[in-house]
Amino acid sequence: MAAEESYPEELRYHAEHDWARVDGDEATLGITWFAQNALGDIVHFEAPEQGIAIANGESYGEVESVKAVSDVIAPLSGEIVEVNAKVIEEPETINEDPYGNGWLVRVRLSDPGELDDLLDAAAYRKLLESL
Amino acid sequence: MKLIYEKSKAGRRAGSLPRYDLPNVEVPEDLRRTAAPRLPEISEPELVRHFTALADRNFGVDTGFYPLGSCTMKHNPRVNERVVNLPGFRDLHPYQEEDGAQGALELMWRLQEILAEVCGLHAVSLQPAAGSQGELTGLMLMRAYFADRGEADERRVVITADTAHGTNPASVAMAGYELQKVETDDRGNLDLDDLRAKVDGRTAGLMLTNPSTLGLFDEHITEVSEIFHDAGALLYYDGANLNAVCGISRPGDMGFDIVHINLHKTFSQPHGGGGPGGGPIAVRDMLEPFLPVPAVVRDGEAFRLDHDRPKSIGKVRGFGGPFGVFVRSYAYIRAYGPALREMSEAAVLNANYLLARLKDVYDLPFDRLCMHEFVLSASNLKREHGVTALDVAKRLMDHGFHPPTIYFPLIVPEALMIEPTETEAKETLDEFVEAMRAIAAEAATDPQTIKDAPHRRPVRRLDEVKAAKRAVVKFGFEEHPDLAPVKSEAGGEAIEAAKGA
Amino acid sequence: MSHLSLTDADREAMLAAVGVASVEELFRDIPEGVRFGRDLDIDPALSEPEIVAHLTELAERNVDTGKELSFLGGGIYDHYVPAVVDAVLARGEFLTAYTPYQPEMSQGVLQAIFEYQTAICELTGMDVSNASGYDGTTVAADACFVAKHATGRSKLVLCETVHPQVRQVVKTYAPGFGLEVVEVAHDGGITDPDELGKASADAACVIFQQPNFFGCLEPAPDLASAANEAGALPVAHVDLVSLGVLEPPGACGCALAIGEGQGAGNFQSYGGPHYGFLAARSDLVRRMPGRIVGETTDLEGERGYVLTLQTREQHIRREKATSNITTNQTLLALAGLVHLSWLGPQGLREQGETCMALGEYAKERLGLPLVFPDRTTFKEFAVHVGRSATDVIRDARAQGVHPGYALGRDYPGLDDAVLVAVTEKRTPEDIDRLAEVLGEVAR
């Protein structure tokens, strides 16, 4: 079942339709409702390996639907500490619960200052309206 | 319907091969097969019925109209099947000495000469196995050419159009080049300003389909060619749409230096459910030394294979290429002779006729005369009735037609890319027009029937999400233990263990 | 022109509907300077009987394996192709369809490919097969591309006993992939696992051939282990005809199995078109090139088949695709499926046994020194003929017998060696005749 459109206030957003939930020196990352809706039924998450470094603005994985594939862009730099095993087994979780059970990875942040460059929910909504 | 494996019964067989009264030879134990492969065990009558039933569940050009844009689904004359099965072609070993293959070599040489003439270029290699391999070969030639000139390190970029087939960027990547895309202007031509800004000393070349995948001839092709040649770069012609211009305009005369020809499109090699194809390449004289080996050359009255080409890129495929494809295409061309132009003229007339009769009911992104194909958009139906290009495609099936190519080129939303080819009768085109118009009308009155289509095929719409999510890509014998034929226990375990390793 | 369906009246009506006065005007967007101003210089058009006569004349100038008693092999073999293959391939629904983009129109081809994939997996012992590649050479290049991305390494190891053309094609592709190629010399006709192991350090993959180009059986499990230990993917290039009697690559620890399918269902056809096959372990499925068919259900729950995992492919992933392949070799792979179904497991095993038995009989009857005397061979073997192999071949052919392939063409130092192939179509009497002729012309 697809989720209702929403952009939670407590998250920070990257213009490439990715979100971050920051908790101390760690953050949980995922793709936004808009991104999963544009892709349609997601059938695969090509996950990064645990322990590798990812860089702000660069791709760290891919999400695939039947007829499309999209890079997942890191909103923040850091080291992958956990990959969500549930979305690998059941990729539809990303469609069903993009901000909850459909999270993709957890990272240990290497440059928390980058957080200032991300958008808040209002700014991200505004970006979507301009598309 | 059942899979052939579900019809299998231990101990049944169709074929028999000679057995001779000779001692058996033992395979060393560690190399000996322990578990028999579970191939079907079936009698010949059951075998024939199985494949006949499968054929019945398939649609070809022989079945009906197949306007699959960009694929040139024309009639395949049956005389070509007869000649390709002549024993002198069919049973000829590729390592046969040249004096025992003179007929084959002459046929290849003659086809090379014809393709050079059609392309307006100097030399041809028939070796590439398909259009995409022709592309890759062409890019390898580019690289070899620039390496020979000492420019390989600077010229790293290949430019493609935003309307290009996916094979173009994929080939660019496989050849080790960087990709740059150029935009299309509002007439459907390459955007010259965008092009001028992007072409420089780093540019190795352009890959272009002309007419484009929009079915439009680039009106500025001469300027495009000058921009690249002035920058010292080469032009590559993707011959996917050559069917529009045979004998009318030649890629070499347009300024292209390398061309691939899809023999399965323009020259009627049957598409075979997805192959075989043929992707010969034609080149300007300065690129000839780099062509794949062996080259087929004429030596007085005789023909031979020339392996002595020190600058050659090497081999891209086994032997001289897909020879059977050459036989069919050569026979096809000889049926037209110098009048090959009539083939392209009819293809373009058929396409323009369909376009003229459909453009008032579907959106038309570029309102020009088309070449051998054209692109409509179902955006109006989607906007007004929620009916998409996919829905139109599925509903066409109920009218007895193969759908056009959909959602391509990418720059046209809800694209319907229609290529009738030259071999269709006006009555067929008229029936297709009626069907397309009926669907547009039905979208307003009964969109659900369209969205539920097809209603008259062996299966309804298939769940592609399910297929991709848990990919089942072979028959699961284990789920059908009663069907599993004799199999030694140890061997079975060995296979499973290896899989798990 | 008989291929066209428009009458003059049709043309006029259609031009009127388009709103142009002439066919010429349809081409008005083509700039004047690039219009072709003359007729194509192609020989005059031929009627259908004239086409048949002309092509027959060309065909008869070839010496095919029906005209000459041939022992040519080296990757392409004169195996029997059953008549049911001709019958199935003549069905226009298969012959004149294209890639099954629209599954509701194409269940026949899709199911056939699914059945083909199953057969290839069964024969090779692998988990997943694609719908076919161009031939036995290009699938090797495809495998290298898979291995490069799977391992992140940039070296390839090729055994020298792999078909020379396979090695040439891999070397042509490698620079574009950013891959360096290393070759491992043979030791008495086969590959030494220790030497292979040393070469495999930092390699993305290792390609060996079983049976190898000389017809010798390689120590496949040891070669695969050597590669695996070095972290390189072992790739076996195999002959489907041998897989009724030889252990499949999957059971030997290989990551990929590839090969030329011609011997199973295709005529020799001067080198093509044929089909290459490529099968892999399940962990490599998303890196595989080419089409793959998967099972699913329709709206009403009926089983059906679709092209699947298409996001690997060029039409979606474009410059990041696993390959540029579009058209593959479906019709030839279908021939392979029909052929293998006709043979069945028992028939395939018997065919392999017959080829081996004939091979041993031939070695004995020829009485010529074997190039690799200690090896077990399958279907073909190399003999010394005591003088230039090309001269011997020429002299034997003058008596209507083609003794085989001159190995010196590819292996310097083996200028007096002929690679002799015996399929089930060669009888013991044929072999006696070969022995008789070679007895005269070999020294």
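Q: Which residue of β7(B) does H260(B) stand opposite?
A: In this predicted model, H260(B) faces I281(B).

Q: How many bridges join β6 and β7 of chain B, and do they run parallel or antiparallel?
A: The two strands, residues 258-261 and 281-283 of chain B, are antiparallel and joined by 3 bridges.

Q: What's the strand order in the sheet of chain B?
A: The order is β1-β7-β6-β5-β4-β2-β3 in chain B. The sheet is open, has 7 strands and shows mixed pairing.

Q: Which are the edge strands?
A: β1 (123-125) and β3 (178-182) of chain B, each of which pairs on one side only.

Q: By how much are neighbouring strands turned against each other?
A: By 20° on average, with direction ignored.

Q: Helices next. What does α4 of chain B touch?
A: Helix α4 (residues 102-119) of chain B packs on the sheet through β1, β6 and β7 of chain B. The helix direction makes about 125° with that of β1(B).

Q: And where does α5 of chain B lie?
A: Helix α5 (residues 131-148) lies across β2, β4, β5, β6 and β7 of chain B. Relative to β6(B), α5 of chain B runs at about 165°.

Q: Switching to interfaces: how many residues does the contact take from chain C and chain B?
A: Chain C contributes 180 residues and chain B 178 residues.

Q: Which helix of chain C gives the most to that side?
A: Helix α11 (residues 330-366) of chain C, with 24 residues.

Q: What's the class make-up there, on chain C?
A: The side of chain C touching chain B has 85 nonpolar, 59 polar and 36 charged residues.

Q: How many residues of chain A are in contact with chain C?
A: 4 residues of chain A contact 4 residues of chain C. On the chain A side, 2 are nonpolar, 2 are charged and none is polar.

Technical notes: Residues are numbered from 1 along each chain as its sequence is written. Chains are lettered from A and ligands numbered from 1 in the order in which they are written. This is a predicted model: local features need pLDDT of at least 70, side-chain atom pairs count only at pLDDT 80 or more; totals for chains, interfaces and linings use all residues. Two residues are in contact if their C-beta atoms, placed from the backbone, lie within 7 Å. Ala, Val, Leu, Ile, Met, Phe, Trp, Tyr, Cys and Pro count as nonpolar, Asp, Glu, Lys and Arg as charged, and the others, Gly among them, as polar. Two strands pair if DSSP finds at least two bridges between them. Helices (H or I, at least four residues) and strands (E, at least two) are DSSP runs, numbered from the N terminus. Axes are lines fitted to C-alpha atoms, for helices over the stretch in contact, and angles run from 0 to 180 degrees between N-to-C directions.
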